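Good morning, everyone, and thank you for making time for this short talk.

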Amino acid sequence: MDEYKKVAEECRIDNGNCDHTCKTSPKGLECECRKGWRLDTDQRSCVDINECQENANCGAAKCFEMPGSYSCRCPEHEYMIAKEHTETGGNIQFSIR
């Protein structure tokens, strides 16, 4: 069995011991994580990214961390208005009214 087929077979068995996704590549077996997660140092496990600490753009709203995601919530009786939005994946700027 050639090396690529061997690696593909390893991904089929217990997902290659990857938490989320097992991929085959010319380098061998590679694990990947879903959006909102990152590969841990063992290169197999996926750990949650804390978007509230790293890159959430909630403006004056409060950021709430959720597994693989986050949510922005306004104080009671207030609401968010998006100031800018780009279709190419740019940041959304929020203000609270």
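Predicted model: local features only at pLDDT ≥ 70, side-chain atom pairs only at ≥ 80, totals over all residues.

Residues are numbered from 1 along each chain as its sequence is written, and side-chain values use heavy atoms, with hydrogens and water left out.

An unreviewed UniProt entry places the annotation "domain: EGF-like calcium-binding" on residues 10-47 and 48-87, and such annotations may be inferred rather than shown by experiment. Over residues 10-47 the chain is 8% helix and 39% strand, where helices (H or I, at least four residues) and strands (E, at least two) are DSSP runs, numbered from the N terminus.

C18 belongs to the loop between helix 1 (3-12) and strand 1 (21-25). Is C18 buried or exposed? C18 is buried, because its relative accessible area is 8%, and buried means under 20%, exposed over 50%, and partly exposed in between, with a 1.4 Å probe and protein chains only.

E51, in helix 2 (residues 51-54), is buried yet has no salt bridge, and the nearest side chain of opposite charge, K35, is 8.0 Å away. A salt bridge would need a side-chain nitrogen of Lys or Arg within 4 Å of a carboxyl oxygen of Asp or Glu; Lys and Arg count as positive, Asp and Glu as negative, and His and the chain ends are not counted.

Finally, the charged end of R73 sits over the ring of F64, 4.3 Å from its centre, which by definition requires NZ of Lys or CZ of Arg within 6 Å of the ring centre and within 35 degrees of the ring normal.
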